[in-house]
Amino acid sequence: MSDYRVLPGPEHFLPPAAASMGIRLPNPGEAHINGVITSEENAYEEAARQFLMAKVPTIFPGPLVLWAWNEKAAKKATAIRHLFNTLKECVQPNQKPMLIPMPDYRPKYPKINPEIEINPNHPNLTIWHNKIDCCVFIGVHCHQANLSLKIIRGGTSCYTIAMCAQAGHEDAMLSFRDASVDKIMRLADTIKRLKGTVQPKLTPVKNAVSD
Amino acid sequence: MAETKSLIGTQNKKGQTYTDTWKMMNEAPRTPSFFTGSEVIKEALRRASCDVMIAYPITPQSEAAALIGELFAEGYIGDYFRGESEFAVMSQCAGSAFGGARVFTTTAGPGTMRAMENFPMWAGARLPIQMIVTCRGINSPLSIQPDTLEIAYLLNTGMLVWHAETAQDFFDWILKGYMVSEEPEVHLPLALCCDGFFVTHTKDVVNLTPADMCLPPYDPYRSPVPCMDMECPPVRMMRDPFVMKSNYISYATHASWQQEIWAAVERSRKHSIHWLNGLIDTENTDADIVIVASGTAVSQGREAIRLLEDEGVRCGLVKVKTLRPWPEEEIREATKNAKHIFVPEFNVTGWLAKEIRATVPNPHRVHAGPHVCGGMTMPPEIIVSEIKTALGMKTFSLAGRGS
């Protein structure tokens with residue numbers, strides 16, 4: 001097993017892809033935390049804790065759930081809305097949950113507005129501008145998600161979570177696989193269950209920005 | 001992801017049953033058949049649920065390409081046409097794969113080189129195209145005979161590269177190859193190589209799966225990049241155009257993108273192990289002498305081992321099945337006891353020996369050779385001779401043989 005760990009950055013000018021450092025994807029029924037394979041149960045708990053601790057916990061839904069292009073996508077979108085509403089109910093007043101959609105991947109640089117939009121080509125701008133210290137990717141095509149997650153890890157200290165409909169993402173600090181409506185709902189339930197048991201970070205966050 | 005119903009158990013228009021691939025390859029009855037390698041490629045394609053095959057003639061793959069044309073006429077291939085050059089063929093393959101088709105093509109020698117620009121493009125676009133490379137000489141003076149030099153050029157394209165020893169390998173690996181390269185976390189093209197003529201034009205007994213079973217069709221909606229589907233949202237959402245601006249973030253995107261291709265090669269490792277039953281095969285690796293080879297050099301090495309046993313010299317064998325992903329740990333483990341590692345190759349540069357030297361500790365143990373090239377055969381006796389010479393044993397020259 002690799003000694004390498006996928007940790008919040010800023011890691012490096014050009015961080016390596018975690019897969020190239022020996023990090024392996026979880027098998028069905030598993031997840032990974034920092035590149036270490038674990039049970040899904042642990043992953044729900046840890047993801048919920050990270051959300052409840054964060055100053056600006058943020059959900060980034062991608063095109064696979066933003067467009068009602070089939071029944072499953074529409075149901076997932078509804079579940080994500082529920083997750084966001086749950087998050088808003090469970091955080092304390094000094095926390096600021098956000099829902100920032102990633103409707104498509106067409107590059108908009110230099111006109112992207114990083115206050116309102118994440119884009120795989122420059123996800124760090126959105127994270128910097130909004131001081132996001134914990135985020136989850138849902139419904140983002142795997143290749144685009146991996147690009148973003150790696151750029152985020154390279155240039156920010158944001159804690160990244162991936163809820164992948166396929167095999168998961170090594171470049172997130174925590175990754176689920178085979179994401180379904182049930183799994184999104186279960187994450188929401190876990191956040192609700194842990195409400196009040198996890199204290200948000202009291203000191204100002206590291207600004208989620210590279211030094 | 002898209003709602004796609006499993007078609008397993010249903011029939012296609014030719015009456016073949018879409019079958020769970022693991023069951024088809026491992027549990028279905030096999031029929032021994034006496035076929036050339038080219039005919040075996042055709043038989044594999046008959047069972048591959050392939051949407052598009054694009055052909056261009058170059059020896060020694062022309063026969064396979066023509067035979068697949070017959071499959072199209074019989075209705076087993078969705079579409080089939082001839083490109084105007086190898087470069088065009090590979091570009092057309094890309095277009096077909098972008099559109100969500102399972103794509104197959106064949107190539108060889110100078111044609112592979114002519115099309116080379118496309119291969120890193122395929123990998124960068126995450127297109128799971130399968131390309132058969134029936135290796136032949138690429139350099140002047142031209143040779144149409146087997147020579148594996150072209151594999152060296154494919155190793156750094158980002159494609160998966162496998163090297164089949166026999167027609168049986170070819171049959172099985174064509175079908176299994178789609179299962180690996182179409183995994184969402186892999187989704188890379190596969191160059192499935194063999195030594196032309198030795199495999200393509202030689203008849204051998206090959207155990208075939210039932211012709212009325214075929215692979216489940218490709219599901220492009222499991223792609224890690226947006227599928228180019230103009231009918232279904234997220235419509236018109238093309239892949240990221242390359243951002244050619246000179247700033248940190250565009251370079252970071254390019255860099256991450258390239259790293260992601262090689263990460264996908266790494267991710268193919270577990271699937272390749274699953275389908276190929278390991279990235280290497282080994283025999284007697286506790287011996288002091290180990291031959292490490294790929295392709296038909298494995299067969300010659302196996303025969304050399306038999307000859308050496310007659311003389312009381314015990315050798316082990318490592319058959320390298322996948323060159324990308326490279327079986328680094330497996331080779332290190334298999335050669336840990338070896339005092340001498342011999343790497344016979346059908347090329348002049350010895351690319352496999354260089355890879356192995358870069359992999360094992362104490363690389364002075366690696367003897368690069370023997371090498372043949374330009375289409376020459378490699379009699380097992382020259383492997384025996386190379387090993388005996390290195391061991392300080394008396395050996396006879398083969399140069400005058402047949403004179």
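The model is predicted, so local features need pLDDT of at least 70 and side-chain atom pairs count only at pLDDT 80 or more, while totals for chains, interfaces and linings use all residues. Residues are numbered from 1 along each chain as its sequence is written, chains are lettered from A and ligands numbered from 1 in the order in which they are written, and side-chain values use heavy atoms, leaving out hydrogens and water.

F13(A) counts as exposed because its relative accessibility is 65% (exposed is over 50%, buried under 20%, partly exposed in between, with a 1.4 Å probe and protein chains only).

## The sheet of chain A

Seven strands of chain A form an open sheet with mixed pairing, in the order β2-β1-β7-β6-β5-β3-β4. β2 (36-39) and β4 (98-99) of chain A each have a single partner strand and stand at the edges, so one side of each lacks a neighbour in the sheet. Strand β3 (residues 57-61) of chain A pairs with β4(A) in the parallel sense over two bridges, pairing requiring at least two DSSP bridges, and I59(A) has L99(A) in β4(A) as its bridge partner.

## A loop residue in chain B

V348(B) is placed in the loop between β15 (340-345) and α12 (351-357) of chain B, and it counts as exposed because its relative accessibility is 54%. The C-alpha atoms of V348(B) and H371(B) are separated by 6.1 Å, although these residues lie 23 residues apart along the chain.

Definitions and conventions. Helix = DSSP H or I, 4+ residues; strand = E, 2+ residues; numbered from the N terminus.
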